[in-house]
Amino acid sequence: METQAAVGEVTAALTDGRADISEGVIVMKYMPLCLAELGESDEDRMIRGVLDLLVRAGEVGVGGLQQSCDEEVNGPGMG
């Protein structure tokens, strides 16, 4: 649960300018330590995936992610 709250904290920091994305990583003055210590549990892999999506969104802009979402929804087997 602590890591989920930390993801929310990082997301808020990105939104309000207390964090930035540089060279494929989130740069934040006080990055929650639990995020640096993610392991290999299902929850940790899910959280790592969410952080990766945040980085991608920051690099290409939120609109840049829309196409991949559309392709996923309308992809093979969907009609």
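Buried residues have under 20% relative accessible area, exposed residues have over 50%, and partly exposed residues fall in between, as computed with a 1.4 Å probe on protein chains only. The model shown is predicted, so that local features need pLDDT of at least 70 and side-chain atom pairs count only at pLDDT 80 or more, while totals for chains, interfaces and linings use all residues. Residues are numbered from 1 along each chain as its sequence is written, and side-chain values use heavy atoms, with hydrogens and water left out.

**View 1. The salt bridge between R18 and D16.** A salt bridge is taken here as a side-chain nitrogen of Lys or Arg within 4 Å of a carboxyl oxygen of Asp or Glu, and a search of the whole structure finds three of them. In the pair shown, the closest N and O atoms of R18 and D16 are 3.0 Å apart. R18 is partly exposed, with a relative accessible area of 47%, and D16 likewise counts as partly exposed at 47%.

**View 2. The salt-bridge network of E40, D42 and R45.** Side chains of opposite charge can pair when their charged atoms come close. The side chains of D42 and R45 meet in a salt bridge with an N to O distance of 2.5 Å, and both residues lie in helix α3 (residues 42-60), three residues apart, about one turn of the helix. Salt bridges that share partners join E40, D42 and R45 into one network. In the bridge from E40 to R45, the closest N and O atoms are 3.9 Å apart. E40 is exposed, with a relative accessible area of 58%, and D42 also counts as exposed, at 61%, whereas R45 is partly exposed at 41%.

View 3. Helices are DSSP runs of H or I with at least four residues, strands are runs of E with at least two, and both are numbered from the N terminus. Contact means heavy atoms within 4.5 Å; leaving aside residues up to four places away in sequence, T3 touches C34, L35, L38, E43 and I47.

View 4. I21 and R56 are 35 residues apart in sequence, and their C-alpha atoms are 9.2 Å apart in space.
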